[in-house]
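Here's a quick briefing to read with the model open in your viewer.

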Amino acid sequence: MSCIEQMKYRLYLERTSFKEAREYIEKNCKEVYYVDPGYKIFKDYYIIGVPPVAMGVRGSEVLFTYVKPCHGTFVMGVDSEEEIARLRENEEKKIKKSLKGSERDKAEAKAAPMSFSEMYRN
Amino acid sequence: MSEGKSALLVMGCPEVPVQMSMVIYLTHKLKKAGWDVTVAGTNAAVKLLKVADPESYYVQKMVDLDRLIADVVEKKIDFDVCFAFMHSDAGMTYGATFSAISKARLFAVVFGKNAEALGESIDYPAEKIVAVATHNPAPLKVKIDKVAL
């Protein structure tokens with residue numbers, strides 16, 4: 001059993017499908033972050049899910065999906081400033097990474113186009 | 001040819017009878033072919049397996065599913081092939097997780113009354129073995145026997 005079941009949590013959806021659980025988070029949280037399956041939260045819970053795995057932030061609460069093989073998917077909420085900060089930090093890293101990528105694309109686009117003679121030289 | 005290769009069998013919720021039968025059958029078959037086999041499952045599934053195979057004649061390596069997922073994510077262990085058994089949305093979700101975290105060649109073994117619809121809903125990289133089977137393992141066994149490793 002994961003440590004989550006011993007934490008103080010709120011249940012927003014029970015025994016539903018993963019897709020419905022993801023949609024609930026997307027519709028009910030102002031901030032939504034997407035993580036890969038296996039993303040670790042709290043001490044020992046690795047999120048089970050079909051990508052994209054949504055996690056939501058609502059006030060001081062983080063909402064996430066919790067899958068139990070015999071019972072389906074649950075949407076749980078736990079107050080955790082620490083997890084919220086980690087989600088925001090990861091998102092910032094992703095944005096920085098994609099910005100670096102687009103800067104590289106721009107630089108490549110700025111490079112002088114190859115002339116036809118160079119293209120047919122080989 | 002399979003010497004030294006590792007296989008993982010992931011059990012879903014054990015409420016559909018064919019799962020346990022096929023897990024024992026497939027473990028035996030893979031072991032005979034030289035595979036190193038590990039079976040992962042929930043507490044309930046592992047208990048059923050331990051009672052059915054008290055001296056670990058068929059299954060030597062049994063592990064807790066959540067513990068195993070942690071180890072795969074942390075890159076402490078991985079496998080060459082993975083058979084994820086599923087008959088529900090939750091099982092399908094576990095399969096998606098293995099598809100994302102493991103480098104193993106993944107087989108989604110889909111069974112139960114709604115096997116066809118569930119099989120169609122799988123849109124992650126996996127080779128599908130789908131059979132409408134609940135009590136009678138024969139349709140699933142026929143399809144598993146056709147898998148070439």
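In chain B, strand β1 (residues 6–10) and strand β4 (residues 81–86) pair in the parallel sense, over four bridges. Keep in mind that this is a predicted model.

**Helix packing around α1(B)**

- Two packed helices are described by the angle between their axes and the distance between the axes.
- Take α1 (residues 18–32) and α6 (residues 138–145) of chain B: their axes come within 10 Å and cross at roughly 30°. That angle is under 35 degrees, so α1(B) is roughly parallel to α6(B).
- The crossing of α1(B) past α6(B) is right-handed.
- On the α1(B) side this contact uses B:V18, B:M22, B:Y25 and B:L26, and on the α6(B) side B:L140, B:K141 and B:I144. Sorted by class, that's six nonpolar residues, no polar ones and one charged.
- Now α1(B) against helix α2 (residues 43–52) of chain B: here the axes come within 11 Å and cross at roughly 60°. The two helices are therefore oblique to each other.
- α1(B) also passes α2(B) in a right-handed crossing.
- B:M20, B:V23 and B:I24 of α1(B) meet B:L48, B:L49 and B:A52 of α2(B). This contact has six nonpolar residues, with no polar and no charged ones.

**Where chain B meets chain A**

- The contact involves 19 residues of chain B and 18 residues of chain A.
- On the chain B side, α3 (65–73) and α4 each supply at least two residues.
- Which helix of chain B gives the most to the side that touches chain A? It's α4(B), with nine residues.
- By class, the chain B side splits into eleven nonpolar, five polar and three charged residues.

**Backbone geometry to check**

- Most residues other than glycine have a negative phi, and most peptide bonds are trans.
- The bond joining A:P51 and A:P52 is a cis peptide bond, with omega about 0°. A:P52 lies in the loop between β4 (45–46) and β5 (53–58) of chain A.
- A:R15 has a positive phi, near 45°, despite not being a glycine. You'll find A:R15 in strand β1 (residues 10–16) of chain A.
- Is A:R15 buried or exposed? A:R15 has 12 C-beta neighbours inside 10 Å, so it counts as exposed.
- B:K75 is another non-glycine with a positive phi, of about 60°, and it sits in the loop between α3 and β4 of chain B. B:K75 counts as exposed because it has 9 C-beta neighbours inside 10 Å.

Key: Residues numbered from 1 in each chain as written. Chains lettered and ligands numbered in written order. Predicted model: local features only at pLDDT ≥ 70, side-chain atom pairs only at ≥ 80, totals over all residues. Axes fitted to C-alpha atoms, helices over the stretch in contact; angles between N-to-C directions. Parallel < 35°, antiparallel > 145°, perpendicular 65-115°, else oblique. Left-handed = near helix turned anticlockwise from the far one by under 90°. Contact = placed C-beta atoms within 7 Å. Nonpolar A, V, L, I, M, F, W, Y, C, P; charged D, E, K, R; others polar. Pairing = 2+ DSSP bridges. Buried ≥ 20, exposed ≤ 12 C-beta atoms within 10 Å, placed from the backbone.
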